[in-house]
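Okay, thanks for coming, everyone. Let me put the structure up on the screen, and then I'll walk you through a few spots in it.

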Amino acid sequence: FPPAVFPLSCVVQNYSWGKLGLESEVAKLVASGDPLVQIQPDRPYAELWMGAHPRGDALIRDNRIPQKTLGQWIADNPACLGAKVKDTFQGHLPFLFKVLSVNTALSVQAHPNKELAAKLHAQFPEHYPDANHKPELAIALTPFEGMCGFRPVEEIVSFLQNVPELRALIGEVAAEQLERSGSDDPRGVSAALRVCFTRLMKSEKKFFVDQLNMLVKRISQEAAEGKDTSGSNGELLLRLHSQYPGDIGCFTIYFLNLVRLEPGEAMFLGANEPHAYLHGDCVEIMACSDNTVRAGLTPKFIDVLTLCEMLNYTPAPSSSKILPAAQSQLDPHVYLYDPPVPDFTIMRIEIPASIKLYLISAMDSASILLVIQGTAVGTSTAAASEMSLHRGSVLFVSANESISLHLSSSDGMLLFRACCLL
């Protein structure tokens with residue numbers, strides 16, 4: 001039999017928002033995973049793609065396997081996905097697993113549901129490269145900050161009253177409509193929120209740049225005088241404005257929740273949920289798609305109309321965006337992040353130093369294993385030979401295969417395992 005468990009060499013994306021050189025968790029993992037890689041100190045290392053997406057198909061590091069990439073190998077051996085996964089997702093790996101290292105904010109964006117993705121892909125294939133939806137789950141590796149979903153209405157109303165520049169962009173009629181909308185009428189609230197956000201995002205360039213400059217000037221003065229600027233979300237405004245001066249995205253901080261995650265905490269982003277990652281390192285898993293509708297904090301193609309039409313305008317507190325991990329009933333070392341979509345699940349595996357032999361159990365799904373810390377030798381009846389595992393190692397594990405880890409580190413191990421539990 002050809003090996004069904006093998007190491008991968010994964011694609012790095014050097015997007016401009018990434019952390020530079022060895023500041024980046026992506027760069028650190030890549031450098032530990034392959035000592036021959038040269039990390040350039042002035043280059044951004046933004047994303048590590050672990051999967052079979054055509055824009056970043058992982059290379060197989062096993063010369064006994066004739067296929068060069070994971071995508072080719074899965075196409076030739078679709079049974080490796082597991083019977084249910086293979087049938088449900090037409091012989092494709094349904095998820096893309098990533099590490100992100102965010103230095104400056106990513107664009108304000110949302111990902112379409114399947115119906116909209118198919119429509120956008122048919123109309124504008126150059127901007128929307130596939131017809132799939134793209135729900136996402138991010139788990140912090142370092143303290144992580146992002147904006148996600150619409151804030152509770154009372155918070156937005158408070159900003160409308162404290163930030164005259166914001167109120168000027170939205171206009172008095174729309175602002176009052178939101179202020180008057182009652183919590184007993186959720187559809188009325190969503191409709192008023194849609195009008196306010198759309199008016200903001202479609203405001204005339206010269207007008208919003210003038211208002212933004214006035215706001216930045218006012219908050220800079222207040223901060224210099226030692227005043228509290230939190231009523232205008234001053235600290236975040238100045239930070240985003242320094243990264244993207246004159247960008248409409250700076251005003252979205254008054255509409256979207258700020259979510260802060262500690263290492264191990266996760267947030268789930270469903271279809272049509274507005275979000276923007278701001279800073280930090282995370283592992284991320286998503287449906288295998290590269291569809292993104294953007295509208296600010298970016299030099300890339302923006303599509304304000306589509307974004308404002310598609311968003312989920314349901315206000316909710318930031319705490320509602322955090323997806324708790326559940327300790328596995330079967331194995332106390334495994335914590336499951338199981339989002340409300342069928343395409344993917346992540347397991348966090350924490351093996352204490354006292355354990356010297358640990359079994360990565362078989363499951364009816366292909367999975368990808370990433371080592372964050374610790375060292376071990378892995379053996380599997382499905383692997384060609386024993387595998388040395390250390391920080392930055394990435395393994396593909398076919399469905400129904402297990403791996404024995406013989407731990408050699410004094411501080412235990414931390415791994416993440418991406419899979420599909422149907």
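Let's start with how helix 7 and helix 8 cross: the crossing is left-handed. Keep in mind as we go that this is a predicted model. Two packed helices get described by the angle between their axes and by how far apart those axes are. Here, helix 7 covers residues 172-180 and helix 8 covers residues 186-201, and they pack at an angle of about 150° with 9 Å between their axes. An angle over 145 degrees counts as roughly antiparallel, so helix 7 is roughly antiparallel to helix 8.

Which residues in helix 7 and helix 8 meet? From helix 7 you've got Ala 174, Ala 175, Gln 177 and Leu 178. On the helix 8 side, they meet Val 189, Ala 192, Leu 193, Val 195, Cys 196 and Arg 199. If you sort that contact by class, you get eight nonpolar residues, one polar and one charged.

Now, helix 7 has another partner I want to show you, and that's helix 5. Helix 5 and helix 7 pack at an angle of about 140°, with the axes 10 Å apart. That angle makes helix 5 oblique to helix 7. The crossing of these two is left-handed. Helix 5 brings Val 153, Ile 156, Val 157, Leu 160 and Gln 161, and they meet Ala 175, Leu 178 and Glu 179 of helix 7. By class, that's six nonpolar, one polar and one charged. Look out for Ala 175 and Leu 178 here: they're in the contact with helix 5, and they're in the contact with helix 8 as well.

Let's stay with helix 5 for a moment. It runs over residues 153-162, and Asn 162 sits in it. Is Asn 162 buried, exposed or partly exposed? It's partly exposed, because its relative accessible area is 38%. Setting aside neighbours within four places in sequence, Asn 162 touches Arg 218, Gly 231 and Ser 232. For a sense of scale, take Cys 282, which is 120 residues away from Asn 162 along the chain: their C-alpha atoms are separated by 33 Å.

Arg 218 comes up again with Glu 165. You'll find Glu 165 in helix 6, residues 164-170. With a relative accessible area of 5%, Glu 165 is buried. Its side chain makes a polar contact of 2.9 Å with the side chain of Arg 218. Beyond the neighbours within four places in sequence, Glu 165 is in contact with Arg 218, and also with Gln 211, Met 214, Leu 215 and Phe 251.

Okay, next one: Lys 321. This lysine is in the loop between helix 11 (304-310) and strand 15 (322-323). Where does it stand on accessibility? Lys 321 counts as buried, because its relative accessibility is 9% and the cut-off for buried is under 20%. What does the side chain of Lys 321 pair with? That would be the side chain of Glu 273, through a polar contact of 3.4 Å. Away from its sequence neighbours within four places, Lys 321 has a list of contacts including Cys 148, Asn 257, Phe 268, Glu 273 and Ala 316.

Phe 301 is partly exposed, at 37% relative accessible area. Apart from neighbours within four places in sequence, Phe 301 is in contact with His 127, Tyr 128 and Arg 294. Take His 127: 174 residues separate it from Phe 301 in sequence, yet their C-alpha atoms are 7.6 Å apart in space.

Last stop, some backbone angles. Most residues other than glycine have a negative phi. Gln 90 isn't a glycine, and its phi is positive, about 50°. Gln 90 is in the loop between helix 3 (83-88) and strand 7 (95-102), and it's exposed, at 62% relative accessible area. Asn 272 isn't a glycine either, and has a positive phi of about 70°. This one is in the loop between strand 12 (266-269) and strand 13 (275-287). Asn 272 counts as buried, though, with a relative accessibility of 14%.

That's my tour. Over to you for questions.

Methods
Residues numbered from 1 in each chain as written. Predicted model: local features only at pLDDT ≥ 70, side-chain atom pairs only at ≥ 80, totals over all residues. Heavy atoms only, no water. Helix = DSSP H or I, 4+ residues; strand = E, 2+ residues; numbered from the N terminus. Buried < 20%, exposed > 50% of the residue type's maximum accessible area, 1.4 Å probe, protein only. Polar contact = N/O pair within 3.5 Å; in protein donor to acceptor, adjacent residues only side chain to side chain. Contact = heavy atoms within 4.5 Å. Axes fitted to C-alpha atoms, helices over the stretch in contact; angles between N-to-C directions. Parallel < 35°, antiparallel > 145°, perpendicular 65-115°, else oblique. Left-handed = near helix turned anticlockwise from the far one by under 90°. Nonpolar A, V, L, I, M, F, W, Y, C, P; charged D, E, K, R; others polar.
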